[in-house]
Amino acid sequence: MLPFYKKYLYINLNSKSYEIKDLPDSVLDIYGGGKGIGTYLLYKLNPEGVDPFSEDNHLIINVGPAADQKVWGSYRFGVYTKSPLTNCYVDSTAGGKLAKPISRTGYDAIVIKGISDKPIFLEISDKEVKFHDATDLWGKDTYFTEDELKRRVNVKGAGAIVIGPAGENLVKFALVENDYWRSIGRGGIGAVFGSKKIKGIVFYGNIKRDVGFPDELEKFFKFIGEKGKKDPISLKYKEFGTAMGVSLLNEVGAFPTKYWHKGKLDGFENITIEKQKEICDVVPKACPACFISCGNLTKTKADSKYPGIVLEGPEYETLYAFGGLCCIRDIEDIIYINDKCDRLGVDTITAGNIVAFAMELSSIGKIKEKYEYGNVNHVIELIEKIVYRDGIGEILSHGIEYTAKYFGAENLAIHNKGLEPAGYDPRALKGTALGYAISCRGACHLRSGFYKAELSGVIDPDVIEGKAELLIDWEDRFCIFDTFILCRFFRDTYFWDETLKLWQMLYGDDSVTVEELKQRANKIISLAKKFNIRENPNKISVLDKLPNRLFEEPLESGKVLKKDEFNKLLQDYYALRGWDKEGIPKD
């Protein structure tokens with residue numbers, strides 16, 4: 001098992017101690033790196049039914065065997081824990097530069113348990129772990145904190161992850177940030193950091209893992225690079241970033257708008273990347289080992305109503321959440337909102353959804369406060385109330401499921417497992433509906449990425465027959481991506497043949513087959529599902545359901561989910577995964 005260190009670091013915050021534990025070959029062989037190890041350790045180490053904010057909920061941080069190697073799209077790391085938002089399994093990955101310093105510490109995973117008696121930041125290297133007082137940083141924003149942690153450690157090449165006030169205040173959709181704008185965003189992982197009193201972690205070291213076939217990997221890297229830099233899809237991402245989705249999704253009527261009542265935003269042209277480039281300075285920005293350069297590094301101009309903001313984004317999902325759901329039709333307003341969310345440390349997808357939900361509740365008289373669609377001041381006010389848990393913000397800080405129940409509005413809330421969908425309306429994209437339902441972390445678009453298959457013509461959005469099988473093929477490939485860990489936007493670069501070749505070169509095993517990789521993916525996905533069943537024994541029958549509103553309220557186009565079609569997709573999926581009719585893995 002050449003691409004592994006075969007050990008993980010186990011940190012106890014209660015005693016401010018740590019130890020190094022072995023990872024047996026048998027585990028690495030079954031689950032692989034990245035998500036495989038992360039899921040295995042979380043399932044093994046977490047006690048059944050543990051409270052996400054308890055000392056026994058483990059935080060697991062790692063990279064995959066592709067990290068710090070000549071592999072395009074490999075500058076990503078992962079975090080795994082039990083979500084305070086969903087009470088389910090949650091995994092998240094982020095880009096930037098942090099994967100290399102994490103890998104150089106010399107561990108296949110870093111596991112953290114316990115709760116510190118005061119705010120701290122950790123300094124993790126290949127030599128030791130240091131526990132530093134961070135009391136004076138409690139309350140500081142993410143940008144300041146990241147700079148300050150690097151300054152205090154003062155090691156060239158060190159990288160840091162941090163939380164903002166939202167994580168400190170246990171907002172259940174708080175995020176963890178690195179490189180200012182890269183986020184471990186969904187499911188409230190930042191709140192788990194906050195519950196353990198971890199303000200941040202700094203990583204560095206000098207250890208580098210081996211790979212099986214380094215010469216072949218070098219040739220493959222050059223081949224993919226030459227091919228990728230001319231690829232029209234990559235060039236389009238470089239020019240427009242993910243924000244190009246605003247026009248596309250509005251054109252097909254699948255841009256969630258006015259808290260999921262509509263599929264198109266009137267005036268969407270004012271929040272497009274074209275408008276952003278017209279009034280801001282925008283240049284493409286890439287992570288290391290990336291030719292796609294999807295990040296739009298944006299600077300507002302001196303005559304802007306928000307001068308001096310520097311931001312990588314906004315990403316499509318932020319534009320949908322605040323532009324579509326909240327009906328904000330000014331790109332500068334969304335840039336300002338995005339910057340505030342990043343600094344305070346909240347997930348923009350959930351924040352946009354919960355703010356829009358509050359606007360909806362206000363419009364129908366469920367709450368007394370007046371919050372209007374399209375009012376940027378109301379958006380900003382609600383975000384600040386949520387982060388500091390002030391007034392109505394205390395309720396909203398618990399997330400969509402809690403808020404809906406509190407106000408007696410469960411019939412209006414759009415989510416799965418307590419996590420809101422991304423910006424692809426499942427009434428228009430039937431396979432995406434299935435993807436939202438079966439995602440083990442809640443309504444996630446990235447676990448199968450099937451919106452891309454439906455939007456790009458790989459399969460018609462309305463087709464049902466054979467769709468579950470194709471979705472599993474995508475989900476399995478992306479699961480293997482997450483064992484490496486690779487960026488999703490290399491989905492058009494690494495198809496199964498390229499993914500297999502990459503596995504063979506990293507592992508030094510040219511006998512492995514695509515079918516064996518799919519079997520590994522199925523084991524990892526099934527283990528995550530088992531985790532959810534173990535933690536939610538009274539909710540097994542509803543884990544993979546979608547809200548009735550999506551079946552009952554059509555879009556302007558008339559498109560709506562049909563229950564019989566959705567149920568067929570779900571049962572096809574279960575059967576193909578080898579699960580029973582309730583979605584319970586058999587082995």
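**Notebook: a predicted protein chain**

I began with charge, and I noted that the protein chain has 81 positive and 85 negative side chains, with the centres of the two sets 1 Å apart. For this count Lys and Arg are positive and Asp and Glu are negative, while His and the chain ends are not counted; I took the place of a charge as NZ of Lys, CZ of Arg, CG of Asp or CD of Glu.

I must keep in mind that this is a predicted model, in which local features need pLDDT of at least 70 and side-chain atom pairs count only at pLDDT 80 or more, whereas totals for chains, interfaces and linings use all residues. Residues are numbered from 1 along each chain as its sequence is written, and side-chain values use heavy atoms, with hydrogens and water left out.

**Overall form**

I looked up the secondary structure and found 23 helices and 15 strands in the protein chain, where helices (H or I, at least four residues) and strands (E, at least two) are DSSP runs numbered from the N terminus. The C-alpha trace spans about 60 × 55 × 50 Å along its principal axes. I then noted that 64% of the 587 residues count as buried, a word that stands for under 20% relative accessible area with a 1.4 Å probe, protein chains only. Taking contact as heavy atoms within 4.5 Å, I saw that 68% of the contacts between residues at least 6 apart in sequence join residues at least 24 apart.

**Cores**

I next turned to the nonpolar cores, each a set of buried Ala, Val, Leu, Ile, Met, Phe, Trp, Tyr and Cys residues joined through side-chain atoms within 4.5 Å. The largest has 158 residues, of which L41, Y494, L502 and Y573 touch the most other members. Leaving aside neighbours within four places in sequence, Y573 is in contact with residues including L434, I438, I525 and W579. A second, separate core of 31 residues includes I11, V90, I110 and V176.

**Two single residues**

I looked up T483, which lies in helix α19 (residues 467-484) and is buried, with a relative accessible area of 1%. T483 and K35 are 448 residues apart in sequence, yet 4.9 Å apart in space, C-alpha to C-alpha. Not counting residues up to four places away in sequence, T483 touches K35 and others, among them Y31, G64, W503 and I524.

My last entry is S293, found in the loop between β13 (280-285) and β14 (295-300) and buried, with a relative accessible area of 9%. Neighbours within four places in sequence left aside, S293 is in contact with Y237, K238, P284, K285 and A286.

Terms used: Buried means under 20% relative accessible area, exposed over 50%, partly exposed in between (1.4 Å probe, protein chains only).
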